[in-house]
Protein chains: 2
Amino acid sequence: MTTSIHTLDTPVAVVDVARMNRNIQRMQQRADSLGVRLRPHVKTTKCAQVVEAQIQAGAQGVTVSTLKEAQAFFTQGVTDILYAVAMAPNKLAHALDLRRAGCALIIVTDSVAGARAIVEFGRAHDERFEVFIEIDSDHHRSGVRSDDPLLGDIAKMIHEGGAVLKGVMTHAGESYKLNTLEALQEIAELERSECVKAAEAIRAAGIPCPEVSVGSTPTALSAVHLEGVTELRAGVYVFFDLVMHNVGVCALDDLALSVLTTVIGHQPDKGWIITDSGWMAMSRDRGTQAQQCDFGYGLVCDSNGTLIDGLLLRSANQEHGVASFEEGMSVDVEKLYPIGTQLRVLPNHACATGAQYPAYEALQPNGEMAHWSRVNGW
Amino acid sequence: MTTSIHTLDTPVAVVDVARMNRNIQRMQQRADSLGVRLRPHVKTTKCAQVVEAQIQAGAQGVTVSTLKEAQAFFTQGVTDILYAVAMAPNKLAHALDLRRAGCALIIVTDSVAGARAIVEFGRAHDERFEVFIEIDSDHHRSGVRSDDPLLGDIAKMIHEGGAVLKGVMTHAGESYKLNTLEALQEIAELERSECVKAAEAIRAAGIPCPEVSVGSTPTALSAVHLEGVTELRAGVYVFFDLVMHNVGVCALDDLALSVLTTVIGHQPDKGWIITDSGWMAMSRDRGTQAQQCDFGYGLVCDSNGTLIDGLLLRSANQEHGVASFEEGMSVDVEKLYPIGTQLRVLPNHACATGAQYPAYEALQPNGEMAHWSRVNGW
C-alpha cells in the first residue's frame, strides 16, 4: 500500500514500525542474555503482524489476556499459548475447545477452588489441562504467596487430580509504580526469588514443577540475573508509552504508538488548540497522573513525530481534545497550528490507547502504510 | 433469542431495556413539556436498536459524534443528522458523500477559518452545506461567545459564501461538575440565554438563523423553561451512570448499563474479590473521582442487578478487577462470593464503558436477551 500518513482519516492509531522493531530486538536480546525464553504478552497490541514480528525475532510462544486472543493467534499458527488470567469455571469449555483443536493452551489458577474446578471439568471431559499456579510476589493483585501452605494444596490438587502442573508464574505489577534503577532491580529480584521459591517448595513436596515464568516490562529490563527462571513475559515494551518513560525504562523516541489527530478549532484567548483526539481516541487512561511527570492525555508531536516542546493534550471530552503549551509560553496557536493541521499524540498507556481502535495504521520503514487489525473484545 | 444472562461469556455489557425505555420516556416528556424537539446525542450507545427506540418515543433526528455514526444511522433510515463536532477540512469529502446520498447532514463550525473551509469546499463541489455555529455558553470547550464580533463574521461567511446558516448550538459541559438543582437550573438558563442571544445577534445583522439547539443531560433535566430554543440535545440519559447520579439527575435504579462479570479469585486476608472486569471491561473512566462520592471503577450488584451494600470495584488492571467492601465491614468474601459467582458492575460513565464493547447484550422486559451491535471507530 502506498497511502501516506497525511491522507489518513483522523483520529487514527499510528505504529512506527522501525521503533517497534527496535523495541522487539531490545527485549529479545535481554531475554537471550538472561538465558530465558521470551513469551511476550500480546495483550498490548492484539495484532497478528506484531506477534509475527516478535516470533521472527525469537519469541517462543505468547501470553494472552483473553481466550479470544488465544483463538486468533492459534489460528495464525501459534500453538504455545499462556492464558495469564486466573481461569473462571465458565471459560473452561472454551479452553477445552482450543486444546481439542491442537492448541497447547496453558491455563492459570491461584486457589484450591479454582484448581478443583479445572480438574473436575478435565476429568468430566477426559482432558489433562496444563496449569500454571500464579504466585503473588509483590502483594500487587492475584496469586498465592510462596510461603502459604495453600500453595502445596493447590499443587497437589492439580497433580493428583489428573491435570499437569506445568509450572509457576508471577507478575510484579508494583514495578509500574517505581522509577529508579535500584528499586526496579530490587523488585525484579523479588519477582524472581519469590517465584523460584514457590517452584522449589512444590518440588520439595515431590511434585514436578518444570517452568518458572516471571515478568513485566520494567522488571524484565532491570533484572540483574534470572537464575532458576525459565521464561520471561513482558508486553508493553513493544510500543512503550509515557508511563514506561516515567518508570525510566525507555526514551521518548522509543515510543512506537501515537495518535494522529487534526486541529479542529482554537480558543486563542486561553491558548487552546482543539483537536479531534478526545478520550475516545486516547482512552481515559491517566496513568502518568500519579507519576513524577503528569503528561495529561499525552505529549504532542508534529505529524512527522517530532516532539513540540511544551505542548500537552491537557484535557479530553469524547471527541474533543484540548492541547495547550506550558504556562508562560506565549504561542500564537491559531497561526502556528491552523485548523486542519495534523499532529501526533504520544499516549500514557499503549495498551489502553490501542484498545480504542479496531486496527493500527503501520508506518513502515520504507514510508508505506499498512493496515493491521486488532483482536478486540472477549 | 432465549439465552439467559447467566450463560453469557463475561465480561459483557448488559442493557436493562425496561430501565432504558423509562429513561427515554422521561427525556421525551421533558422535551415535550418544554415545547422543543428532542434530537438525542447517540454517541452514548452508537446502537441501532437504541436509536430506533428513541425515535419511536418521539425523537426528531439525531446528534452524532463521528461521521461513521452518521453513515450507520443514515443507512438505518434516519435522515436528519447533526454532526456535533467542529468540522475538520479533511472530513468534508465524507460529509459531501453523505449529503449526496440523501442525508440531511448538518455540520458545525466555530471559526471564520472553519467556515471558509466549508464554503470553499462547497463551492468547489456545488454543494450548499447546512451549518450550525457553535456557541460557547459556559467557557467549557469549543464555540464562539455570543458577544464576540467574530460571531457575525462567521455567520456572514456562511451566509454569503453560499452555505445555509441553519442555526446556533451550544453544550454546557460545565454542568457535569455541578450537583445542586439551583446550580443546574442556573447553568441551564445560561446555556439557553447565551444561545438565544447569539441567534438574536445574527438575526439583527439580517441573516436568518432559524434553529437554536442546546443541551446536555443535566441541563435538559433541570431547565425551568427553554424560551427561544427549538431543539434539545442530550445523550447519556438513555443509560445514565454513576457520574449522572452524583450530579443528581438520576436514581441508582435508573442506571440501565452494567457490566456482567465473573469472580475469578480472592485475596481473603485483604477482603479482595478478583473479577474478570478490569479496565478493558469498565474503561479507564474515573469520572466520579472528583465528585462528592468516588465510586472507584463502579458499584457492584448481584447478577440480578440488586446493589450489594458497600461493595465497590476499587481498582482495575487490564483484565482484573478488584472489588472490596467498605472498611470496617467484615465479610467472608470467599464464602459469599465463591469463584464463578456472577456480579454486575454499574459504571462511572456509560459512554466510555459502552465503547469498550463491540455490542450490548440487551436484557428485555420479557427476560429474553438480544445482541445489539455498536458502531465503534471512526
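**Exercise 1.** In which loop of chain A is the place of H139(A)?

*Solution.* Start with the ground rules. This is a predicted model, in which local features need pLDDT of at least 70, side-chain atom pairs count only at pLDDT 80 or more, and totals for chains, interfaces and linings use all residues. Residues are numbered from 1 along each chain as its sequence is written, chains are lettered from A and ligands numbered from 1 in the order in which they are written, and side-chain values use heavy atoms, with hydrogens and water left out.

Now find the residue. H139(A) sits in the loop between β6 (130-135) and α6 (149-160) of chain A. Helices (H or I, at least four residues) and strands (E, at least two) are DSSP runs, numbered from the N terminus. Then check the backbone. Phi of H139(A) is near 60°, a positive value in a residue other than glycine.

**Exercise 2.** Find the cis peptide bond that ends at P11(A), and place P11(A) in the chain.

*Solution.* The bond runs from T10(A) to P11(A), with omega near -5°. P11(A) belongs to the segment before β1 (12-16) of chain A. Turn to chain B. The bond from T10(B) to P11(B) is cis, again with omega near -5°.

**Exercise 3.** Work out how chain A and chain B are related.

*Solution.* Superpose the copies by least squares on the C-alpha atoms of residues with pLDDT of at least 70 in both. A rotation of 180°, with 0.0 Å of shift along its axis, puts chain A on chain B (RMSD 0.0 Å). That is the relation of a two-fold axis. In chain A, R284(A) has the C-alpha nearest the axis, 2.4 Å from it.

**Exercise 4.** Describe the contact between chain A and chain B.

*Solution.* Count residues first. Contact means heavy atoms within 4.5 Å. Chain A gives 49 residues and chain B gives 49 residues. Of the interface residues of chain A, 100% are also interface residues in chain B, so the copies meet through the same surface.

Next, the area. Buried area is the accessible area (1.4 Å probe) that two parts lose on being put together, summed over both. For chain A and chain B this is about 4,300 Å², with 54% from carbon and sulfur atoms.

Then the charges. A salt bridge puts a side-chain nitrogen of Lys or Arg within 4 Å of a carboxyl oxygen of Asp or Glu. There are 4 salt bridges between chain A and chain B. One of them joins R284(B) to D285(A), with the closest N and O atoms 2.7 Å apart. Elements of chain A that give two or more residues to this side include β10 (257-267) and α5 (112-124).

**Exercise 5.** Which residue of chain A meets R39(A) in a salt bridge?

*Solution.* The partner is E231(A), at 2.8 Å, N to O. R39(A) lies in the loop between β2 (37-38) and α2 (48-56), and E231(A) in strand β9 (residues 231-232). The pair links distant parts of the chain, 192 residues apart.
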